[in-house]
Amino acid sequence: MTTHYGIIGCGMMGHEHLSNINLLDDTAISVIYEPDAGMRKTAAIRAPNAVFVDSLEALLDHKPLDCLVIVSPNHCHVDQLELIASKVTLPILVEKPLFTDPGD
């Protein structure tokens with residue numbers, strides 16, 4: 001059975017996660033949300049079969065989707081986690097830090 005990954009963010013660390021996921025057996029990078037066109041272009045090299053979407057909501061609607069990797073800018077993590085929690089229940093790996101404001 002293949003595990004289908006959704007990736008949020010494809011900067012330097014996002015590309016590292018794409019490479020590492022590609023080393024795992026029975027995995028597929030199914031859907032990616034990356035707003036920057038340049039980063040999408042380079043991510044497509046590492047994940048040629050992935051669907052690129054224009055919003056986090058569209059990523060969460062994508063099927064199949066078994067888990068998420070959040071590799072967006074640090075200040076985005078809390079808002080993204082809150083949106084995800086309001087829509088789906090999935091395993092999530094969040095690239096550190098989890099939050100940047102101690103109030104969060």
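Mentor: Exposed means over 50% relative accessible area, buried means under 20%, and partly exposed lies in between, for a 1.4 Å probe and protein chains only. The model is a predicted one, in which local features need pLDDT of at least 70 and side-chain atom pairs count only at pLDDT 80 or more, while totals for chains, interfaces and linings use all residues. Residues are numbered from 1 along each chain as its sequence is written, and side-chain values use heavy atoms, leaving out hydrogens and water.

Helix α4 spans residues 77-87, and its buried residues are H77, V78, Q80 and I84. Viewed down the axis of α4, these buried residues fall within an arc of 160°, so they line one face of the helix; the arc is taken over the directions from the helix axis to the C-beta atoms. Helices (H or I, at least four residues) and strands (E, at least two) are DSSP runs, numbered from the N terminus.

What lies over that face? The cover of the buried residues of α4 includes β1 (3-8), α3 (56-61), β4 (67-70) and β5 (92-94), where contact means heavy atoms within 4.5 Å.

Three of these elements lead us to the sheet. It is an open sheet of five strands in the order β3-β2-β1-β4-β5, with parallel pairing; two strands pair if DSSP finds at least two bridges between them. At the edges are β3 and β5, each of which pairs on one side only. On average, neighbouring strands are turned by 20° against each other, direction ignored. Helix α1 packs on this sheet, touching β1, β2, β4 and β5, and its direction makes about 160° with that of β2. Axes are lines fitted to C-alpha atoms, for helices over the stretch in contact, and angles run from 0 to 180 degrees between N-to-C directions.

The buried residues of α1 are G14, H15, H17, L18 and I21. These cover an arc of only 160° around the axis, which puts them on the same side of α1. Their cover includes β1, β2, α2, β4 and β5.

Within the sheet, β1 and β2 run parallel and are joined by six bridges, and T3 stands opposite T27 in β2. The chain passes from β1 through α1 (residues 12-22) to β2 in a right-handed β-α-β crossover: with the strands pointing away from the viewer, the path from the first strand over the helix to the second runs clockwise. Strand β2 (residues 27-33) is mostly covered, with five of its seven residues buried. On to β3 (residues 51-53), β2 pairs in the parallel sense over three bridges, with I32 opposite F52 in β3. The crossover from β2 through α2 (residues 37-46) to β3 is right-handed.
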